Amino acid sequence: MSEFSVIGKRVALVDSAGKTTGQGKYTDDLSVPGMLTGKILHSPYPHARIKKIDTSKAEAVDGVVCVVTGPDAPNKYGILPVGHDETALAVEKVRYVGDNVACVVAESESIAERALELIEVEYEQLPAWFDPEDSMKAEKDWIHPQRPNNIEKDYHHVFGDPGKGFAEADVVMEHRYIAGEVTHAAMEPHCTLASFEIDSQTGQPGRLTVWSSTQVPYYLQHKLSIVLELPMQQIRVIKPLVGGGFGGKSEVIPLEIIAAVAARKAKAPVKITYTREEVFWAHRGRPRTIIDMKIGAKKDGHLTAVAAKVIQDGGAYCSYGVVTILYSGALLGALYDIPNIKYDGYRVLTNKPACGAMRGHGTVNVRFAFESQLDEIAAKLDIDPAEIRRINLLKPPCITVNNLRVQSYGLPECIDKVISRSGWHERRSKLPPARGMGMACSHYVSGAANSIIRSDMPHSTVNIKIDRDGGVVVYTGASDIGQGSDTMVAQIVAEVLGIGLGRIRVIAADTDLTPIDIGSYSSRVTFMNGNASLRAGQDVRKKIAAAAAVKMNCAPEDVMMRDDRVWKRGTAEPATNGAHAEQMLEKIDAPRGSVREVSGRVEGQTLRGSLQQKRKDEGPKDSMSFEEAVVSAIDFTGALTGTGSYAPPKDARGGAFKGAGVGPSPAYSYSAQVAEVTVDEETGEVKVHKVWAAHDCGRALNPVSVEGQVIGSVWMGLGQAMQEEMVWKDGLLMNPGMLEYKSPSATESPEVECIIVESVDPEGPFGAKEASEGSLAATIPAIANAIYDAVGVRLREAPFTPERVLAAIKAKHSEKKALDITRGDDPVTPTTFREHGGSLWFKGKGPQRHADDPSRRA
Amino acid sequence: MKKELIELRVNGRKHELAIEPSELLLDVLRQELDFTGSKRGCDDSSCGACTVLVDGVPTLSCTMLAMSCASDEQDGPDITTVEGIADHGALAAIQKAYGDWGGAQCGFCTPGFMVTVKALLDRNPEPSEEEIRHALSGNLCRCTGYTQMYQAIKAAIEAEQANR
């Protein structure tokens, strides 16, 4: 018999039937009586002062209820306490094409759209900043007056003695890498429904209920409280099913606040759903990043020092920016043993939609630079790329030079596995021409050890309620956004209580019902909410075991619970339980409602009937059913509830220097990947044949989910490596649609093989760590390295589009020493490229803009 | 715009309703008939989340007028949404397989895939990998990377064959 009865099993997500039948409800699927529609007017200018807004014509349209503008809710908010720089609607200035100016509330979408066109706004255009390096030099017309030179934040960290490290190095490499801007493009466009209810005592509008597509319902509650000046206890946030987040819903998005403000003004429930173009403007994706990377190494491959200067094109608001720029530096550590690190990070404001947190937050682009350059060093020193990574492994448990605590460390095994599965040594040297293999590694936090709003509050709390029917209700604040956290919570509680999944109902992410959890971001949920679930399960198990121990005349620690049975240690485990548990597992695949009813009814009848009769005058016995144990505990202690919480341990919270709060985590996941590509030297087209990805997730609680998360991460990395890029022209997004943005389809998506590595973390729930983000970062450099292996050209700008690959190949053939496409060294044709975004638009010769194009300047 | 009374045949039942002639099939399904399974994921027919079957043919309901599916003297076309795929109140093989194999993560694109895959397997019960990829290429997913969907589809085909 295996060690566990529920975890480690391949189970369908507990909410999967709702998703495959269409019964599951996302926010836009909800409606309430009297609901109105909100539509937002966006700025046509990248940077302008609002001189006047006249909404009278719009308000006069039949069917329009009201028009909301900035002064209706001028309080500033932002996800970070240091970054409160947003208002629901523009108060004084607009800062990007797409910034929110006004909102029409009307009886239907078509009426609202018509009314939008009648709002008259008088703008005074201001000089706009699109390139971060230009923006940093700005002397005036700053995007936010409180941020001189448009620098949101800069950090300068030195660990060890980098000067000495570089002096000791036998080889030092220094290059500039650039990664284009990408966005989450979750399939579900953001949506919020806000509704006030009338207070029975005062007769006035009182409590606000908000249903929203969010990863962070508790932060939304907090920010709504700030903007609406309403106590948090008067605000209820409910997260229905969420159609993907990837970080794009991990902070408060303008429409969430606007909907509530609009509902207050309209005195009726208001729903706002973004169009796909609005989703691109809401953005909060991964910033375009310029990385000047320098690595020094000894002849034997040991790294002596790393220096990185990182500039992030952050867009018009702070968003998560301060955290992003810190992650870029902090996670230079904790993957390899690097004795000396120098880091200079600049988060710069520009007149484009705000960048924020996206899968692999802050680490991805720097990892692309580092792993590419490590490959260059390996080539120069004639060391196998896999070997140079092995040479520089950490020796955990350890504290890195930048104060990160590393315990479980599955990277060595990840490298071994990915090498053997991909046939690295056997196949790599025998590949046909223009075909190559590349390797790279990456890692990520299992939740931040320090929360955004610093406090000693636990990061997660979970409550459990069990009633006489033997049904187990778990109340968790964790936000399932498709990654499967509801299932994870159910599995952990089921394992602890020794019951089948079919018995468990998860109530999640409803601020009225569930205890506070800080949200689904930084891959924290399995580790933190999982640990809270584990402890809540143990709490309630203790109560059941105490009562069962009395019934069985044994010590509570001798009470065994598994497969819906409870028995005395040392006696034979009751038979048929295994089969019963299997049945329960099978049943959970059917729609949720019916399963619970079936099992509840059958078991309830047992309870009311023969069971209670039997209980009357029984002596001690060796085993009982889970229901019997529950009933005896309820008889003993009253209502059966349990609670558990999790706060990261003090020694995992990092150093004391400024900015030390970002990077520390109770545990890190690890990934090693090999990519195999063919490059068409005529067209520059790269075909990725396959990616092998070995991921150390500590323990795979549900292998189906772990594989899904790892494959999904690699796939998203492939998108960023090969084709996804936000292209800007004077602050106007040129590709605000799924098609133009080139989200890869089934025909463009190669096979990804996921290899699970389990290092069993000492502090993770059953040893589990994160699985959803750590694999993304390695994919991009693995492909870059594979392209180098195939045709000998080094791509230092992502994505590796045919244009860039071809330019690099041509440069190599004409034996130009270096190619810096953004600097205009491309020998093929253009001489000067635009510095921002899609660097392939070169100055003055971009496509002719339409006369009405808002970005067109006089 | 003045509303007109039309009859639509959705998931085997007839529905009489008053709509504006300009209304899209997707909006009518979602807002008038409460078949919210079909989703709106984009504005330019690029994502496939709104796919429904019109007389068995996968069709983007976001670019079709509801009026064009209305019955006149003759019955209008049979419209099947994801809500019409379940098998007598239980999951159809493809729905079960998508759950078991991780074909659905966030689930927002899943209804479109369910409809697309059903259409594929109805006309080609044993598609090759190439045919599957081709059939799925009109539906976008941002979670799965599609890999687990292929496993799910294979499992569904095996389950169907075992039942036969």
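By contact I mean C-beta atoms, placed from the backbone, that lie within 7 Å of each other.

A quick word on the model. It is predicted: local features need pLDDT of at least 70, side-chain atom pairs count only at pLDDT 80 or more, and totals for chains, interfaces and linings use all residues. Residues are numbered from 1 along each chain as its sequence is written, while chains are lettered from A and ligands numbered from 1 in the order in which they are written.

Where do the domains of chain B run? Domain 1 covers 4-84 and domain 2 covers 93-163, with bounds from an automatic or database domain assignment. Their C-alpha centres lie 22 Å apart.

Now chain B as a whole. There are 5 helices and 5 strands, in the order β-β-α-β-β-β-α-α-α-α along the sequence. These are DSSP runs numbered from the N terminus, helices being H or I with at least four residues and strands E with at least two. The C-alpha trace of chain B spans about 50 × 35 × 25 Å along its principal axes. A compact globule of 164 residues would have a radius of gyration near 15 Å, and chain B, at 16 Å, agrees with that. The radius is taken over C-alpha atoms, and the rule is 2.2 Å times the number of residues to the power 0.38. Of the contacts in chain B between residues at least 6 apart in sequence, 60% join residues at least 24 apart.

What does chain B share with chain A? 44 residues of chain B are in contact with 47 of chain A. On the chain B side, α2 (93-100), α3 (110-123), α4 (129-136) and α5 (147-163) each bring at least two residues. The largest share, 5 residues, is from α2(B). That side has 20 nonpolar, 17 polar and 7 charged residues.

Finally, over to a sheet in chain A. Four strands form an open sheet in the order β18-β26-β27-β30, with mixed pairing; strands pair if DSSP finds at least two bridges between them. β18 and β30 (751-757) are the edge strands, each pairing on one side only.

Is β26(A), residues 668-679, covered or open? Mostly covered, with 12 of its 12 residues buried, that is, with 20 or more other C-beta atoms within 10 Å of their own, C-beta atoms being placed from the backbone (12 or fewer is exposed, in between is partly exposed). One way point A:Tyr668, A:Tyr670 and A:Glu676, among others, and A:Ser669, A:Gln673 and A:Val679 are among those pointing the other way.

β18 (residues 435-445) pairs antiparallel with β26(A) over 11 bridges. Across that pair, A:Ala440 stands opposite A:Gln673, and A:Ser442 has A:Ser671 as bridge partner. β27 (residues 686-696) is antiparallel to β26(A) too, joined by 10 bridges, with A:Val679 opposite A:Val686. The β26(A)–β27(A) hairpin has 6 residues between its strands, and A:Gly684 there takes a positive phi near 80°.

Note on methods:
Contact = placed C-beta atoms within 7 Å. Nonpolar A, V, L, I, M, F, W, Y, C, P; charged D, E, K, R; others polar.
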